[in-house]
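Morning, everyone. Please look at the screen.

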Amino acid sequence: AQMQQHPFLLALFMRFAMGGLCAFAVLVFLRPAFPTRASLIGNSVRVPVVILTAGSFFYSVSVLPLAEALTLSFLAPVFVALLGALILKERLDGRILQALGFGLAGMLVMVWPRLQGGVTGAELGVAAALFSAVSYAFNLILLRRIAVKGHPAIIVLFQNAGPALCLAWPAYFVFQPMSGGDLLAYLSAGALGVAGHLSLTSAFARAPASRLAPAEYTA
């Protein structure tokens, strides 16, 4: 809802800024060990990928119906499994391929009207959603590589505070006054995002990316 009320860059910054505050609170509570040099590098590399992923998806949400934008993003599990096999050398068994096949078939059923030209006027939003799917998959592969060694709280802090710092300057030029309700909405989105990121990071620390990919279809 906030994407339709505020400029895109401002809404994106506020989401990450509030997420950064929540992630910092989690870090203070858990007090993990200071990250290693490899962890700092790995987390820093993910920052621009996170910005591209969230930026393209949030833009698609701002111009497409939520259900349609989310449906188009369901190509991501397929890319996660393929990249997991190519980059991480994970094994794709029959159950994984079957789950991905069913999910992909469901996604195609939902977007068939657009593929047939039944819905027009938002081609850039569709392109953004598809780009987000590929970027999100690559982001999860990077997450898998660092999650097995890094602490989830540190990973999630980088994932929120890093993009917020990068977006602060562009957001400054489109800043608009916000009500208490707006701030509460962004804070809620940030808290939910951090909770989801912590769960996702913990999952990828314990299971192969290709096996977790079909679980994306529960969305």
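Here is the fold, then the surface, then the two details.

First, the ground rules. This is a predicted model, where local features need pLDDT of at least 70, side-chain atom pairs count only at pLDDT 80 or more, and totals for chains, interfaces and linings use all residues. Residues are numbered from 1 along each chain as its sequence is written, and side-chain values use heavy atoms, with hydrogens and water left out.

The fold. The protein chain has 10 helices and 0 strands. Those are DSSP runs, H or I of at least four residues for helices and E of at least two for strands, numbered from the N terminus. The radius of gyration is 18 Å, close to the 17 Å from the globule rule for 219 residues, so the chain is as compact as a globular protein of that length. That radius is over C-alpha atoms; the rule is 2.2 Å times the number of residues to the power 0.38. The C-alpha trace spans about 45 × 40 × 25 Å along its principal axes.

Burial next. Of the 219 residues, 45% are buried. Buried means under 20% relative accessible area, exposed over 50%, partly exposed in between, with a 1.4 Å probe and protein chains only.

Now the backbone. Which non-glycine residues have a positive phi? Arginine 31, at about 50°, and lysine 89, at about 60°. Arginine 31 sits in the loop between helix 2 (8-30) and helix 3 (37-63). Lysine 89 is in the loop between helix 5 (76-87) and helix 6 (94-115). Arginine 31 is exposed, at 68% relative accessible area. Lysine 89 is exposed too, at 68%.
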